[in-house]
Amino acid sequence: MSQTETVRTQVAIVGGGPAGLMLSHLLATCGIDSVVLESRSRQAIHETVRAGILEHGTVNLLVDSGVSDRVLREGDRHDGIELRFDGESHRIDFQELGGESVWLYPQTEVFADLAARREADGGDVRYGVSGVAVHDAASDPRVTFTDAEGRDVELRADFVVGADGSRSHCRGLIPEDRRRRYFKEYPFAWFGILAEAPRSADELIYANSPQGFALISQRTETMQRMYFQCDPGESAADWDDERIWATLRERVNGNGFELVEGPALEKVVLPFRSFVQAPLRHGKLFLAGDAAHTVPPTGAKGLNLALHDVRMLFEALDSFYTGGSEDLLDGYSERALGRVWKAQHFSSWMTSLLHAAPGESDFDRARRRGELDSVVSSAHGRAYLAESYTGWPDHG
């Protein structure tokens, strides 16, 4: 029987995606030890293709904390988006309305930057672990696991952070009688493609049509991401390129605008939902990112919320270790959830504004058309969209 190795750290972080790695990095800048545990390999995470729109606050966090400035060199700064309906485009000018921008920079590249920074700094990030179990999370945390080489390890820590994604094990450690879960499933999904084609537009196009929603995004000069609303039961294998492009043309083309088409190299159906668990703390256990909440992708909030969580949690842990104060730890859940619910509202609003609900009536369609017109024809409506999309200021 192999002997169990015992390791001591200050903060045990379950989950080695962007949220877990960012927290580990921020803690290291203040001399706080952490160990990150991740079941996937580093390569597997990097090969999981995820889109990414980064708020200005997220970009500042990456750059100012010393992770990387690659987002500024290789990412695409976007100063607005287009809302397109009735075949006409209406630009929401972020700079004019709020003085901020967003950056198109895939989540996979955020992960790559963080993983490289942690490696360069000698961070203790353990990929490929299995059998992770958290014990006594409320009082005296221990995490047991088997490392990638098959060794059994017990990790003892002052605190445990569950940043283990939308299928989180850690969130289940908060007793049922002390938690509340909020859940909404949407009656549609996104059909996403990666197309080999030049850009159709310089900025994202959010299109509404009687046939449903479509999103025209960008990736590189020769590869583009596009999505359209579909039934959650659709199979990507049933769609050939002609059917895909016919659907996109119907929802986006018109009045002189035409998509630039090309082979669809990747096809995927993405169901989405809204989820929140509260509170985000139980004793010495804290939740962050998708382990605590998920949002539909329409508002581009998922990664941004996760990194905002860990920034607040870092500030709270730093305050505890440097000054002995638990005030920010005690207030973490309430502070984080305040922004989470704003993002839930914005994401749900954008989704209902742009998607066609199954079985909707003529009244529903006409009402939504009126709402779209109200947004684009009002300086206050455009400003609300711009501020919400680029990211709210942190008043905490």
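Biologist: Where does Asn-255 lie?

Modeller: This is a predicted model. In it, Asn-255 lies in the loop between helix H7 (241-252) and E18.

Biologist: Why is Asn-255 called exposed?

Modeller: A residue is exposed when its relative accessible area is over 50%. Asn-255 has 59% relative accessibility, and therefore it counts as exposed.

Biologist: What is the phi of Asn-255?

Modeller: The phi of Asn-255 is near 55°, which is a positive value in a residue other than glycine. Asp-136 also is not a glycine and has a positive phi, of about 50°. Asp-136 is located in the loop between strand E10 (130-135) and strand E11 (142-146).

Biologist: Why is Asp-136 called partly exposed?

Modeller: Buried means under 20% and exposed means over 50%, with partly exposed in between. The value for Asp-136 is 44%, so this residue counts as partly exposed.

Biologist: Why does Gln-277 count as buried?

Modeller: The cut-off for buried is a relative accessible area under 20%. Gln-277 has 0%, and it is therefore buried. Its place is in strand E18 (residues 264-278).

Biologist: What makes the pairing of Gln-277 with Arg-181 a polar contact?

Modeller: A polar contact requires a pair of N or O atoms within 3.5 Å, one able to donate a hydrogen and the other to accept it. The side chains of Gln-277 and Arg-181 make such a contact at 2.6 Å.

Biologist: Which residues are joined by a cis peptide bond?

Modeller: The bond between Ala-278 and Pro-279 is cis, with omega about 0°. Pro-279 is found in the loop between E18 and strand E19 (281-282).

Biologist: How do you know that Thr-9 is buried?

Modeller: The relative accessible area of Thr-9 is 4%, so Thr-9 is buried, given that the term applies under 20%. Thr-9 is found in the loop between strand E1 (5-8) and strand E2 (11-14). Its side chain reaches the backbone oxygen of Asp-33 at 3.5 Å. Beyond residues up to four places away in sequence, Thr-9 touches several others, including Ser-34, Val-35 and Leu-155.

Biologist: Why does Leu-155 count as buried?

Modeller: Leu-155 has 1% relative accessibility and therefore counts as buried. Leu-155 lies in strand E12 (residues 152-156). Leaving aside neighbours within four places in sequence, its contacts include Val-7, Thr-9, Val-35 and Arg-142. Leu-155 and Arg-142 are 13 residues apart in sequence, and their C-alpha atoms are 5.6 Å apart in space.

Biologist: Why is Leu-194 called buried, with a relative accessibility of 10%?

Modeller: The limit is under 20%. Leu-194, at 10%, therefore counts as buried. This residue lies in strand E14 (residues 180-196).

Biologist: How do helices H1 and H6 pack?

Modeller: Helix H1 (residues 18-29) and helix H6 (residues 107-120) pack at an angle of about 35°, with their axes 9 Å apart. The crossing of H1 past H6 is left-handed. Among the residues that meet are Leu-21, Met-22 and His-25 in H1, and Val-110, Phe-111 and Arg-117 in H6. By class, this contact has eight nonpolar, three polar and two charged residues.

Biologist: What makes Arg-117 partly exposed?

Modeller: The class lies between the 20% and 50% limits. Arg-117 has 26% relative accessibility, so Arg-117 counts as partly exposed. Apart from neighbours within four places in sequence, Arg-117 is in contact with His-25, Gly-66 and Val-67.

Biologist: Which residues does the UniProt annotation "domain: FAD-binding" cover?

Modeller: According to the unreviewed UniProt entry, the annotation covers residues 8-346. Over residues 8-346, the chain is 31% helix and 32% strand, and the end C-alpha atoms are 41 Å apart.

Key
Residues numbered from 1 in each chain as written. Predicted model: local features only at pLDDT ≥ 70, side-chain atom pairs only at ≥ 80, totals over all residues. Heavy atoms only, no water. Helix = DSSP H or I, 4+ residues; strand = E, 2+ residues; numbered from the N terminus. Buried < 20%, exposed > 50% of the residue type's maximum accessible area, 1.4 Å probe, protein only. Axes fitted to C-alpha atoms, helices over the stretch in contact; angles between N-to-C directions. Left-handed = near helix turned anticlockwise from the far one by under 90°. Contact = heavy atoms within 4.5 Å. Nonpolar A, V, L, I, M, F, W, Y, C, P; charged D, E, K, R; others polar. UniProt positions renumbered as here; feature names shortened; annotations may be inferred.
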